[in-house]
Amino acid sequence: MPELPEVETIRRDLQGEVVGRKIKSVEVRNGRTVRRHPSAKQFRARLEGHTIKDIGRSGKYLLLSLDDGATLVVHLGMSGQLQRAKSAKEAKAPTPMPCSPSPRGASCASSTLGPSASCSSPDRRPRGAVPARARPSGLRPLEDIMSWEKFWVLLSQHKSGLKALLMDQEFVAGIGNMYADEILFAAGLRYDRLSNSLSSQEVRRLYRSMVETLAEAVKRRGSSLADEQYRDLFGEIGDYQDQHQAYDREGQACRRCRATIVRVKSGGRSTFFCEHCQV
């Protein structure tokens, strides 16, 4: 599932591509994409003719503000993509073959923007969606800058495993399975450490690791794993996967202490960590 860095990358791409453009037409090719709306017809009518004024983000949700005060909320789900369709001129140019199979296929929904641009959601499996509203979210780790002492107060109000808490969208917005593993590795903390058991030094490390890991992942335009399901607005894969220290590295040497990265099941999800240097 695309997490904060991937969604923020797409938000920044959209900011430069569609803000100020009018939505000329909308096509819904798979009704599940807009299943939380009364009908595809109503969804199209609500958007067509309106201008996109701004692109925001709340956790893993994209927020497209329209000129009538309404907000289009987009969630990419497990494997959704949002991409800029090629213009007629670009479509005539030869396209190099990808190095490996890509999940891109038929669009679930697309919109044509004036004067000559369009965006589509090219996902064979309709797991991306346009919900009626975004869910309430917690701390915004890249926007809500705070002291580590305040972060410590927030942590101490909970008594749960660190990974479960980091993935709780009402505590921190935008972190999922992959970046929780990376943040905890950087902080040297186990996934199952209780959130109210940390020392002041460990809290400082955790807060710094959260902010720095997410910021670096955004800088490198997110993570694309072997299936390359995540691609940016222009169809390009991310770069941060090459920097992963723990996630999806089972059996490989820890890059900090040379012990072996292990995988365990926790909360129905795979967790990757180093038993030797994460305490």
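The following questions and answers concern a predicted model of a protein chain.

Me: How many helices and strands are in the protein chain, and what percentage of its residues count as buried?
Reply: The protein chain holds 7 helices and 9 strands. Among contacts with a separation of 6 or more, residues 24 or more positions apart account for 64%. Of the 279 residues, the share that counts as buried is 49%.

Me: What end-to-end distance should helix H1 span, and what is the distance between its end C-alpha atoms?
Reply: Helix H1 covers residues 4-17, which is 14 residues. At 1.5 Å a residue the helix should span 20 Å, and this agrees with the separation of its end C-alpha atoms, which is 20 Å.

Me: Which residues have the most contacts inside the largest nonpolar core?
Reply: In soluble globular proteins, nonpolar side chains tend to be buried together. The largest nonpolar core here has 38 residues, and the elements giving two or more residues to this core are helices H4, H5, H6 and H7 and strand S9. Apart from it lies another core of 23 residues, among them Leu64 and Leu72. The residues with the most contacts inside the largest core are Phe151, Leu155, Ile175, Leu206 and Met210.

Me: Which residues does isoleucine 175 touch, not counting those up to four places away in sequence?
Reply: Isoleucine 175 is one of the residues with the most contacts inside the largest nonpolar core. Leaving out residues up to four places away in sequence, isoleucine 175 touches Glu3, Lys60, Leu166, Met167, Gln169, Ala180, Ile183, Met210 and Leu214.

Me: What geometry does the aromatic pair of tyrosine 191 and phenylalanine 273 have?
Reply: The count of aromatic pairs comes to 6. In this pair the centres are 5.2 Å apart and the planes make an angle of 65°. The pair links distant parts of the chain, the loop between H6 and H7 and strand S9, 82 residues apart. Planes over 60 degrees apart define the class, so the geometry is edge-to-face.

Me: Which arginine lies over the face of phenylalanine 185, and at what distance from the ring centre?
Reply: Arginine 204 lies over the face of tryptophan 148, at 4.8 Å from the ring centre. For phenylalanine 185 the residue over the face is arginine 256, at 4.0 Å.

Me: How many disulfides does a search of the whole structure find?
Reply: The cysteine sulfur nearest to that of cysteine 257 belongs to cysteine 274, 3.5 Å away. Cysteine 257 counts as partly exposed at 25% relative accessibility, whereas cysteine 274 counts as buried at 0%. The number of disulfides found is 0.

Me: Is glutamate 228 buried or exposed?
Reply: Most residues other than glycine have a negative phi. Phi of glutamate 228 is positive, near 55°, and this residue lies in the loop between H7 and S8. Because its relative accessibility is 13%, glutamate 228 counts as buried.

Me: What is the phi of arginine 221?
Reply: Arginine 221 lies in the loop between H7 and strand S8. With a relative accessible area of 31%, arginine 221 is partly exposed. Although arginine 221 is not a glycine, its phi is positive, at about 65°.

How values were computed:
Residues numbered from 1 in each chain as written. Predicted model: local features only at pLDDT ≥ 70, side-chain atom pairs only at ≥ 80, totals over all residues. Heavy atoms only, no water. Helix = DSSP H or I, 4+ residues; strand = E, 2+ residues; numbered from the N terminus. Expected span 1.5 Å × (residues − 1). Core = buried A, V, L, I, M, F, W, Y, C linked by side-chain atoms within 4.5 Å. Buried < 20%, exposed > 50% of the residue type's maximum accessible area, 1.4 Å probe, protein only. Contact = heavy atoms within 4.5 Å. Phe/Tyr/Trp six-rings, centres within 6.5 Å; stacked < 30°, edge-to-face > 60°. Lys NZ or Arg CZ within 6 Å of the ring centre and 35° of its normal. Disulfide = S-S within 2.5 Å.
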